[in-house]
Amino acid sequence: MAVTTTPVDEGAMDGFGEGLHGELLRPGDPNYDEARAVWNGMVDRRPALIVRAMGVSDVIAAVNFAREQKLLLAVHGAGHNIAGNAVCDDGLMLDLSMMRSVRVDPEERTARVEAGATLADVDHEAQAFGLATPLGINSTTGVAGLTLGGGFGWLTRRYGMTVDNLRSVDIVTANGELRHASEDENPDLFWGIRGGSGNFGVVTSFEFDLHEVGPEILSGPIVYAGDDARDVIRHVRDFNEDAPDESAVWVVLRKAPPLPFLPENVHGVGVVLVVTFYAGDMDEGEEVLAPIREYGDPIADAVGPHQYAAFQQAFDPLLTEGARNYWKSHNFSELSDDAIDTAVEYAAELPSPLSEIFFGQIGGEMARVPSDATAYPHRDAEYAMNVHTRWEDPAMDDECIAWSREFFDAMAPYATGGVYVNFISEEEGEETLAYGENRDRLAEIKAEYDPENLFRMNQNVAPAR
């Protein structure tokens with residue numbers, strides 16, 4: 001499919017804009033630069049036009065216009081995707097960030113969420129009724145991109161992936177048709193949406209199952225000196241092997257941030273954070289997590305009762321927008337001693353004070369779902385590792401990217417070979433690792449719903465020929 005760099009004549013663009021309920025922006029318009037900005041500061045692209053959609057009719061109009069004019073189409077939910085796929089050069093950027101409605105049905109325990117909503121939007125509404133669904137760990141993340149890639153967070157071990165809690169979607173496909181997809185209606189399309197990234201259309205709303213959570217939960221970090229990292233991570237690994245699904249204990253290797261519960265003399269010094277979460281009775285959680293809290297000689301222990309919605313925002317200050325980011329990721333079925341040693345070795349040489357390595361414990365309920373039940377295939381992963389390489393000076397780009405790639409290669413012998421699609425910074429063959437054995441079926445579904453590959457600003461699956 002050809003892509004033009006000068007999209008259409010002015011008359012056609014004017015006529016298109018007049019039919020929108022939302023706003024049409026072009027280079028030079030007052031809000032253009034603000035609208036095209038995304039979370040990753042490394043991404044600086046200039047679309048020929050931006051549609052700020054107010055509803056489904058605007059989405060249909062934008063999809064039809066992009067297809068008819070042979071424009072590259074990028075879809076922006078919250079703009080949080082690390083690869084910057086929410087914005088393109090020269091084409092049409094469809095901005096859904098004005099569509100942020102969240103409607104909770106406390107009796108049915110469901111939430112209907114529009115495509116521009118963030119995790120914070122969903123948590124705010126659902127927690128009014130003591131409900132939640134598994135989402136990510138940074139509240140500014142968009143629900144749409146998170147869900148389309150699979151989605152995991154603190155509740156995943158108890159309630160599964162985000163896609164395991166997805167009941168249905170409304171989606172505008174490449175022919176401009178609004179479809180409803182669920183297990184009973186357009187089931188192949190629904191299968192592909194649950195982990196196939198944005199390959200099949202523009203999802204305008206999601207329907208999720210909700211569960212009783214909080215509003216107060218037991219959670220928080222325990223901080224140890226970096227010199228103790230090997231022993232601490234081994235202890236966490238051994239604890240996690242027999243921990244109940246309600247428990248999730250993650251590990252983060254980084255320089256100590258200026259958190260209020262840390263003494264000033266450790267700020268900027270290498271530490272290991274053991275981040276605990278218990279999705280159940282508070283007293284039971286205290287008992288379950290006791291072996292973690294009683295271990296070693298921590299610098300600080302901030303574990304305690306926290307509001308669930310507040311804890312979902314606890315790490316936002318470490319992942320603010322605008323910094324330069326390059327991420328690498330692996331999945332692990334176990335953390336061997338050699339894998340731990342390698343991670344600790346590289347953590348001692350982090351290329352910037354903002355960078356970190358985290359191992360998120362998953363498994364539990366998500367692992368009980370067959371790998372071909374949804375497009376998300378990585379049901380064998382007990383840990384997802386992400387390397388948040390972050391810095392601010394463009395002069396550090398080469399150094400930081402090279403370090404990330406070297407660390408990724410060093411950890412590969414211990415990994416499953418799978419990669420979480422939402423953690424891929426660029427196309428380097430990793431998209432094949434993201435979809436695994438489900439890729440061929442995804443290509444068949446792609447051929448049915450998007451045979452010309454209109455939706456390719458993603459970790460792309462080419463349509464089967």
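Predicted model: local features only at pLDDT ≥ 70, side-chain atom pairs only at ≥ 80, totals over all residues.
User: How are α8 and α9 oriented to each other, roughly parallel or roughly antiparallel?
Analyst: Helix α8 spans residues 229-241, and helix α9 spans residues 282-293. Their axes come within 10 Å and cross at roughly 155°. Angles over 145 degrees count as roughly antiparallel. The two helices are therefore roughly antiparallel.

User: Is the crossing of α8 and α9 left-handed or right-handed?
Analyst: The axes of these helices come within 10 Å. α8 passes α9 in a crossing that is right-handed.

User: How do the residues of the contact of α8 with α9 divide into nonpolar, polar and charged?
Analyst: From α8, the contact takes in H235, V236 and F239. These meet V288, L289, P291 and I292 in α9. The division is six nonpolar, one polar and no charged.

User: Which term describes how α8 lies to α11, oblique or roughly antiparallel?
Analyst: Helix α11 covers residues 337-347. α8 packs on it at about 140°, with the axes 10 Å apart. Roughly antiparallel needs an angle over 145 degrees. So α8 is, relative to α11, oblique.

User: How many charged residues are in the contact of α8 with α11?
Analyst: The crossing of α8 and α11 is right-handed. On the α8 side stand A229, R230, I233, R234 and R237. They meet D337, I340, D341, V344 and E345 in α11. Four residues of this contact are nonpolar, none is polar, and the charged ones number six.

User: Which strands stand at the edges of the open sheet of four strands?
Analyst: The strand order is β1-β2-β4-β3, with mixed pairing. Each edge strand has a single partner, so one side of each is left without a neighbour in the sheet. On average, neighbouring strands are turned by 20° against each other, direction ignored. The edge strands are β1 (23-25) and β3 (73-76).

User: Which residue in β4 is the bridge partner of V51?
Analyst: Strand β2 (residues 49-52) and strand β4 (residues 92-95) run parallel. Four bridges join them. In β4, V51 is partnered by L94.

User: At what angle does α3 run to β4?
Analyst: Helix α3 is made of residues 56-68. This helix lies across β2, β3 and β4. Its angle to β4 is about 165°.

User: How many bridges join β13 to β14?
Analyst: Strand β13 (residues 247-255) is mostly covered, with eight of its nine residues buried. β14 (residues 270-278) runs antiparallel to β13. Within this pair, L253 has V272 as its bridge partner. The number of bridges is nine.

User: Is V213 buried or exposed?
Analyst: V213 sits in the loop between β11 (211-212) and β12 (216-225). Beyond its neighbours within four places in sequence, V213 is in contact with Q127, G130, L131, A132, L155, Y159 and Y308. Its relative accessibility is 4%, so V213 counts as buried.

User: Which elements do the buried residues of α4 pack against?
Analyst: Helix α4 covers residues 119-126. Its buried residues include L119, D121, V122, D123 and A126. They pack against β5 (102-105), β6 (110-114), β7 (131-132), α5 (143-148) and α10 (308-311).

User: What is the relative accessible area of N438?
Analyst: N438 lies in the loop between α13 (430-435) and α14 (439-449). Leaving aside neighbours within four places in sequence, N438 is in contact with W191, S371, D372, T374, A375, Y376 and P377. N438 is buried, with a value of 8%.

User: How far apart in space are I362 and A375, C-alpha to C-alpha?
Analyst: I362 belongs to the loop between β18 and β19 (383-391). At 0% relative accessibility, I362 counts as buried. Among the residues touched by I362 are F152, T156, R157 and Y383, not counting those up to four places away in sequence. I362 and A375 are 13 residues apart in sequence, and their C-alpha separation is 18 Å.

Terms used. Residues numbered from 1 in each chain as written. Heavy atoms only, no water. Axes fitted to C-alpha atoms, helices over the stretch in contact; angles between N-to-C directions. Parallel < 35°, antiparallel > 145°, perpendicular 65-115°, else oblique. Left-handed = near helix turned anticlockwise from the far one by under 90°. Contact = heavy atoms within 4.5 Å. Nonpolar A, V, L, I, M, F, W, Y, C, P; charged D, E, K, R; others polar. Pairing = 2+ DSSP bridges. Buried < 20%, exposed > 50% of the residue type's maximum accessible area, 1.4 Å probe, protein only.
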